[in-house]
Amino acid sequence: DMLKSAFLSNLSHEIRTPLNIIINFTRMMTDPMLEENEKFELADDVSQNGQQLLNMIDNTIHLSKIETDTVTVNMRFCKINDILREIYNHFMPLLPDSKNIRLQLTADVQNKEFGFITDADLLKEVLVIFVDNAIKYTLFGNISFGFEMVKNEAVKFVVSDTGIGIADEEKEHIFSRFYRIKNNVNDKTS
């Protein structure tokens, strides 16, 4: 119960920040004295915060399903390159104009029919979260995601970026609930 209370308190606080930005920046965009480039910057911020709000809601739903043990696993043959291409196509238009980021998709096996049996939806959710975090914490440079074959026996999914990274002393906290690392990105975003 204490964890749920802390979670709801944290969530209500976290939701307010992007909502306030969306409301205020949208109102500011109606100012006829605004330069065109300023309107684009505000629109970019509104879009980023709307996406962030959507991600928070999605993550809350995922967490709720995990905690209530209601995650449904649907194993079937999945074409992995199709899943990766879908993720790439989802994120490309969402890359913020305010950041100089290049998104790259890498696949060890180029065959469109390549795949294996897994839950495609759960795999996609995990990869989306990793790519989303890479975009959030990369201020400039490259984000690469895809897969590598391991001795033709396994597939290793990889997401790498030129972002700020996690300090060694903070790595012990990465699986702690509601823990946020102090850094310049977290200080500016919810």
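**View 1. Charged side chains across the chain.** In this predicted model, the chain carries 20 positive and 29 negative side chains, with the centres of the two sets 2 Å apart. Lys and Arg count as positive, Asp and Glu as negative, while His and the chain ends are left out; each charge is placed at NZ of Lys, CZ of Arg, CG of Asp or CD of Glu.

View 2. Ile-66, Val-71, Val-73, Met-75, Phe-77 and Ile-117 together make a nonpolar surface patch of about 610 Å². Areas come from the Shrake-Rupley method with a 1.4 Å probe.

**View 3. Zooming in on Phe-77.** This patch member sits in strand β1, residues 76-79. Phe-77 counts as partly exposed because its relative accessibility is 48%, and that class runs between buried (under 20%) and exposed (over 50%).

View 4. Reading along the sequence gives α-α-β-α-β-β-α-β-β, from 4 helices and 5 strands. Helices (H or I, at least four residues) and strands (E, at least two) are DSSP runs, numbered from the N terminus.

**Notes.** Residues are numbered from 1 along each chain as its sequence is written. Local features need pLDDT of at least 70, side-chain atom pairs count only at pLDDT 80 or more, totals for chains, interfaces and linings use all residues, and side-chain values use heavy atoms, without hydrogens or water.

Terms used: Patch = residues over 30% accessible without salt bridge, like charges linked within 9 Å, V, L, I, M, F, W, Y side chains within 5 Å. Salt bridge = Lys/Arg side-chain N within 4 Å of Asp/Glu carboxyl O. Buried < 20%, exposed > 50% of the residue type's maximum accessible area, 1.4 Å probe, protein only.
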